[in-house]
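Good morning, everyone, and thank you for letting me use a few minutes of the meeting.

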Amino acid sequence: MAKGIKKTGIPSWKELKASPGLPDADRLEEGPVAFIECVQEIPCNPCEDVCPFGAIEVGSPITNLPKLYGKKCTGCGLCVAACPGLVIFKVHKNYTDSTSLVEFPFEYHPLPKTGKTVRCVNREGKFVVEGKVVKVRNPKQFDATPLITVEVPKKYFLEVRSIERKRWG
Amino acid sequence: MRVKHHPILGEDRRKEDATIIVDGRKIKAIAGEPIAAALMAAGIRVFRKTPKKNQPRGVFCAIGRCTDCVMTVNGIPNVRTCVTPVEDGMVIETQNGLGKWREIR
Amino acid sequence: MKKTQVAIIGAGPAGLAAAIEIARAGGEVTLLDENHKPGGQLFKQIHKFFGSGEHRAGIRGFKIGEQLLEDTEKLGVNVLLDSPVYSIFEDFVIGYTHDGREKAIQAERIILATGASENALAFPGCTLPGVMGAGAAQTMINVHRVLPGKKIIMVGSGNVGLIVSYQLLQAGADVVALIEAAPEIGGYGVHASKIRRAGVAIYTSHTIQEVIGEDSVEGAVIVGLDEEWRPIKGTEKFIEVDTVCIAVGLSPLAELAWLAGCEFAFVPSLGGHIPKHDRNMETTIKGLYVAGDLTGIEEASSAMEEGRLAGIACAESLGLYSEEKARHLKEKVWARLDALRTGPFGEKRRDAKRKLMDLMEGGADIG
C-alpha cells in the first residue's frame, strides 16, 4: 500500500489520510457516514451537487478534492451512487458490537441477493473475509450504479471495498 | 460470445433471425449487425489470409479504417466486415490474399 | 450542385455540438458522416462523465449523445450518413460518396470534426487475430454486444486502456492484466482503482515482448523495463490470454485538413500533427474551422465545447450573431473549457493548446 495511486492505482494510507474526504475518528463512531477516497485533482463535482445536506464541498476550481463535513452527513449514500469515479463508500463502524457495514458501488451483473454470503475484497481485489449481503439497492435515480451493503467483522471496515465478481455463495 | 445481460445496457432482446453462410457453414446472425460481430459471436477469428505469407488476419480497428477484417461477401472481395451489415442469406468466405471477383447474380 | 451554408464533417460530439449552435443561430447546416449512425465514439462511452453540472457530469456518455441527437432533430439539422468525405476542393466544394456514387456539396463555411484513430503497436505476433485496438474492443462490446475474447490483456494505462478494461469486465470478460511501459499509470487514478478492486493486476514499467499463437492469440509474453525503458532480461512473464487490446494513444484524423491546405504544427502532447487554429477554432484557411479530437486528443466533454465554440464563431462570421452576442456566448464556452483543462491532467493540455493558438499569431514552433 506504500507506493500510491500513480504507481499502483490504489491510494496509499498516506494519500487517504491526507484527503479531506475522510470522516474523523469521532464521526466514525456515530452511525453511517460517507468515506470519500478521492485523492487526485480532476475536474469533477457531482458529489457536491448531489448531497442534500451540504455535507460535501468541492467549490472552485472543481479540481479541488471533496471535503466531507461529517457532522452534516447523515449517511444517506446518494454520493456513493453519484460519484463517476466510484470512489465514495459508506461505512457504519458500529453496526453491532462486533460487525460493521460497508456500502459500495457495484456496476456488474449479476448482483448478489440479500442474505447471501459473499467473498469480500480489499482495494487490491484480494479476498479478505466473508461477509453477508444486508442490502442491495438499485433505484432508477442511481442510473445503473447499484449499491451493495455487506456486514463484515469490525476490524475489516477500512479494508473491505467490494466483493469478488464471480462467486456469491 | 454475445453479451445477453449487461449491467448498464440491460438485456439484449434482439433475435438471431438471419442466417449467413460462412465458408459453407450456416451461422445464425442478427440482421443489421456488422458481419464481423456475427462472426465474433460464433467464435470465428480468422477472416482472411495474407497474399504473400498466407498469415491469418482478423478484426483490428472495428470502425472501418484499417481493412484488416476484409472478407469476400456475396462474391465481392475486400468487403470491410466490421462496417457491413448482415443480410439474411449472405455468403461470406475467408478471403485468400487479394480475393477474386465473381459474377454477382 | 448542392449548396449549404455550413458543412460540418464528422457527426461525433464536436460535430453535433457545432451543428446545434449553428442551427440555434438560424444558420443552415449539413452534417456529413461516413458512418451508418451519428455520434462518433460518444455512444460507446457507457460510464458516467466527470466535470461539473454544466458539463453534464454524472451522466453516461451515451445518454449525452442521445440528448445531442434529439437537439439536432428538433432543430432540423440535415444529416447525411454513410457519406464519407474524400476531399475538399477549391471554393469549399466537398467531394463525398454515397451508395457507391460520387457526390459534391458546396459550403460557405466548413467545420472539420473528424476525430482521431487508434495508434498501433508493433511487436512479434501483433498481426494475429485477437490483437486489436482497445477502441475496437469497446465498439464490439458496447455497440455490438459481442465479446472479442474471454481472457484479455490490456496494453496501455491511459484513460482509454483503463476504462475499456473496466467495460470489458462489465461485459463479462476476464481482464487478466493491464501493462504500462511508463513507470506510472497514465490515466485517472479512479479508473485504475475500479479495476484493481475487481482483481485486475496493473504492471507498470512493463511492455509486450511478443504475442504467441498459431491462428489467433494464445498467450502474451510481457517483460519489465528499466529506467532507460530497456527490457530487463529475466523478467519475462508468460500470460495466458486469447485477446490483446492495444491502448497506446490516438492520432488526429487530419487528412481533410491537409487536403484543404491548412497549416499544421507538431504537438506531441496533443497527439501529433495538429491543424493550427485560433481562439475561434478557425484554421489558417479562412472560413475553415476545426473542433474535437482533430485539434488535439482530449475527451468528449472538451470536444463538445470546442464544437460549440466553432459553431458560434462560424455563425458570427456569417452575420448570424452580432460581435457582442457572439463574444458573450464564446466567453461562457471558454469558461467551461478552461474548467475542464485544470488540475495535473488538464494543465498540460491547456498549455499545449495555448501554444498552438499562439502559433496563429506567428509564434515559434512548439517542437
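This is a predicted model: local features need pLDDT of at least 70, side-chain atom pairs count only at pLDDT 80 or more; totals for chains, interfaces and linings use all residues.

As for conventions, residues are numbered from 1 along each chain as its sequence is written, chains are lettered from A and ligands numbered from 1 in the order in which they are written, and side-chain values use heavy atoms, with hydrogens and water left out.

Let me start with chain C, which has 9 helices and 19 strands, where a helix is a DSSP run of H or I with at least four residues and a strand a run of E with at least two, both numbered from the N terminus. Its C-alpha atoms fill a box of roughly 65 × 45 × 35 Å along the principal axes. The radius of gyration (taken over C-alpha atoms, with a globule rule of 2.2 Å times the number of residues to the power 0.38) is 21 Å for chain C, and this agrees with the value near 21 Å for a compact globule of 367 residues.

How much of chain C is buried? Buried residues make up 60% of its 367 residues, and here buried means under 20% relative accessible area, exposed over 50%, and partly exposed in between, with a 1.4 Å probe and protein chains only. If we take the contacts in chain C (heavy atoms within 4.5 Å) with a separation of 6 or more, 61% of them are between residues 24 or more positions apart.

Chain B has 1 helix and 10 strands, and along the sequence they follow the pattern β-β-β-β-α-β-β-β-β-β-β. Its radius of gyration is 14 Å, close to the 13 Å that the globule rule gives for 105 residues, so chain B is as compact as a globular protein of that length. The C-alpha atoms of chain B fill a box of roughly 45 × 30 × 20 Å along the principal axes, and 48% of the 105 residues are buried. For contacts in chain B between residues at least 6 apart in sequence, the share that joins residues at least 24 apart is 41%.

Now to the charged pairs. In general, side chains of opposite charge can pair when their charged atoms come close. Over all chains, a search of the whole structure finds 28 salt bridges, a salt bridge being a side-chain nitrogen of Lys or Arg within 4 Å of a carboxyl oxygen of Asp or Glu.

In chain B, please find B:Glu33 and B:Arg2, whose side chains meet in a salt bridge at 2.8 Å, N to O. B:Glu33 lies in the loop between β4 (25-29) and α1 (35-41), and B:Arg2 in the segment before β1 (5-6), so the pair ties together parts of chain B that are 31 residues apart in sequence. B:Glu33 is buried, with a relative accessible area of 4%, and B:Arg2 is buried as well, at 13%.

In chain C, a salt bridge joins C:Arg349 and C:Glu298, with their closest N and O atoms 2.5 Å apart. Because C:Arg349 lies in helix α9 (residues 343-359) and C:Glu298 in the loop between β19 (288-290) and α7 (300-317), this pair ties together parts of chain C that are 51 residues apart in sequence. Both C:Arg349 and C:Glu298 are buried, and the two belong to a network of salt bridges that also links C:Glu306, C:Arg341 and C:Lys353.

Which helix holds both C:Arg308 and C:Glu305? They lie in helix α7 of chain C, 3 residues apart, about one turn of the helix, and they form a salt bridge whose closest N and O atoms are 3.2 Å apart. C:Arg308 counts as buried at 18% relative accessibility, and C:Glu305 does so at 2%.

Helix α7 of chain C also contains C:Ser302, which counts as buried at 0% relative accessibility.
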